[in-house]
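Thanks for coming. I have one model to show, and I will start with a single residue before turning to the whole chain.

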Amino acid sequence: PKITFIDPDGHRHDLEAEEGQSVMKVAVAHGVPGIEADCGGACACATCHVYVDPDWAAAAGSPQGDEAAMLEFAVEPQPTSRLSCQIKMGPALDGLLVRIPLSQH
Ligand code: FES
């Protein structure tokens with residue numbers, strides 16, 4: 001599935017994700033700046049915070065449980081905020097667009 005990141009400097013990164021790969025892992029694997037992912041994907045740091053494009057918010061789903069709790073520690077959360085380690089790429093998200101916040105701390 002394809003995914004596009006807009007990094008904190010406004011640069012666009014059009015990438016091909018692997019099926020089942022988390023959005024965080026895609027960013028890290030391709031060196032997209034602005035995703036720190038201090039906890040390595042354990043839903044325990046909130047430094048993989050992204051803003052899902054509003055057109056994709058329904059497909060990406062809402063944060064649940066641990067993710068919703070951890071998002072309270074994210075910097076400047078917005079209604080479509082997610083922790084990118086908790087979004088798994090698949091056919092339903094082919095073409096996903098996410099923006100990376102200016103800061104993770
Ligand atoms: Fe730490 Fe996503 S990598 S919460």
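**One residue, then the chain**

Let's begin with D14, which touches K2 and T4 once residues up to four places away in sequence are left out. Keep in mind that this is a predicted model.

Where does D14 lie? It lies in strand β2, which covers residues 12-16. Is D14 buried or exposed? D14 is exposed, because it has 10 other C-beta atoms within 10 Å, and the cut-off for exposed is 12 or fewer. One more distance for this residue: D14 and L97 are separated by 83 residues in sequence, while their C-alpha atoms are 9.2 Å apart in space.

Now the chain. The secondary structure of the protein chain consists of three helices and five strands. Reading from the N terminus, the order of elements is β-β-α-β-α-α-β-β.

On dimensions, the C-alpha trace spans about 30 × 25 × 25 Å along its principal axes. Of the 105 residues in the protein chain, 34% are buried. As for contacts with a separation of 6 or more, 66% of them in the protein chain are between residues 24 or more positions apart.

Last, confidence. The mean pLDDT of the protein chain is 97, and 100% of its residues reach 70 or more. The model scores are ipTM 0.99 and pTM 0.97.

How values were computed: Residues are numbered from 1 along each chain as its sequence is written. This is a predicted model: local features need pLDDT of at least 70, side-chain atom pairs count only at pLDDT 80 or more; totals for chains, interfaces and linings use all residues. Helices (H or I, at least four residues) and strands (E, at least two) are DSSP runs, numbered from the N terminus. A residue is buried if 20 or more other C-beta atoms lie within 10 Å of its own, exposed if 12 or fewer, and partly exposed in between; C-beta atoms are placed from the backbone. Two residues are in contact if their C-beta atoms, placed from the backbone, lie within 7 Å. pLDDT is the predictor's confidence in each residue, from 0 to 100.
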